[in-house]
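The structure comes first, and the description follows.

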Amino acid sequence: MANSEANYRAEEQRLWASVDLTPTEQFLSLARTGATVRCLTVGSGDPIVFVHGGSNAGSSWVDLASRLVNRQCVLLDRPGCGLSPRLPTPLTDAAALARFADDFLADVFDALGLPTADVIGTSFGGYFSLRGVASMPERVPHLVLLGYSIGIEMQYVPPMMRMSVIPGLGQLMTRMSPPKAAIKPMLRQIGLKGALASGRFDQGRVNWFRSLLVNTDTMLNELRDLPKLMTPIRGVSPALRHSDENLARITSPTLLLWGRDDPMGDESVATAFASRFPSAVLEMVDGGHAVWMDDPDAIAARVADFLA
């Protein structure tokens, strides 16, 4: 694992060098959940805590965080992802995951000594963000969700996700190093088609993502330490859906920036979700699932304006 970690760190360092930044690394011991998380910090000013999506890591935010350097951007590797250790105890069902998500952000805030901080989440990170903010809205001045978040009706389940939840096949996939030629098709499936076509998600970013899959246990840990998030046919498990009661607790002003080409859900899904809690403002923008990768300048400017 030492050589694999060194390889990942080297690729991650190249990624950050592409935006002329060197993040500060620290590991946080979380008192409530017992987890340990790695976080990377860039910039200075009022803090923003970033929560990444499934089978990903904090450095996936490089293009947004590098444009918000007048803020202290804290980029988490969720437990088991990137270089964060596995969860101390697997979360075996949706109820256990929900309890963990309710405490996770408060745990991170406390470990960092943050009375308050803004939160930005996406995809599976959106699930943790929504539940975490619902548990402590008074500590989160603003919440930003970028694209579809787990816990919302999913219109389309990418084939890669479908295969990962088939018993036995998912773990077999994690033990097979994906060839270089497979990475771009995988990224297109999950909504980065436009960012790849434009060159904004360039070869350096592709190399970093492949290194994350090959040189860390991120995908394996998500499969073995978390309950099944979806089924091959029905999409997101109904047990993970956000309740109206929980969403009503989110009184923090909330901005939803949703890509018009997000394969997980179209504008009708976004509108229906935004209508369920009064603090949410929905804006449809050009792009796919990771809108900050499609147009990082425009998304950073809109996020900075909202947080200001």
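## Pairing of E6 and E9

Leu143 has Thr254 in E9 as its bridge partner. Strand E9 covers residues 254–259, and E6 and E9 pair in the parallel sense over 4 bridges; two strands pair if DSSP finds at least two bridges between them. Helices (H or I, at least four residues) and strands (E, at least two) are DSSP runs, numbered from the N terminus.

This is a predicted model, in which local features need pLDDT of at least 70 and side-chain atom pairs count only at pLDDT 80 or more, while totals for chains, interfaces and linings use all residues. Residues are numbered from 1 along each chain as its sequence is written, and side-chain values use heavy atoms, with hydrogens and water left out.

## Pairing of E5 and E6

Gly121 stands opposite Leu145 in E6. Between E5 and E6 the chain passes through helix H4 (residues 124–135), a right-handed β-α-β crossover: with the strands pointing away from the viewer, the path from the first strand over the helix to the second runs clockwise.

## Ser123

Ser123 belongs to strand E5 (residues 118–123). Ser123 counts as buried because its relative accessibility is 14%.

Not counting residues up to four places away in sequence, Ser123 touches Gly53, Leu146, Tyr148, Ser149, Ile150 and His289 (contact means heavy atoms within 4.5 Å). With His289 there is a side-chain to side-chain polar contact of Ser123 at 3.0 Å. A polar contact is a pair of N or O atoms within 3.5 Å; within protein, one must be able to donate a hydrogen and the other to accept it, and residues adjacent in sequence count only if both atoms are side-chain atoms.

Conventions:
Buried < 20%, exposed > 50% of the residue type's maximum accessible area, 1.4 Å probe, protein only.
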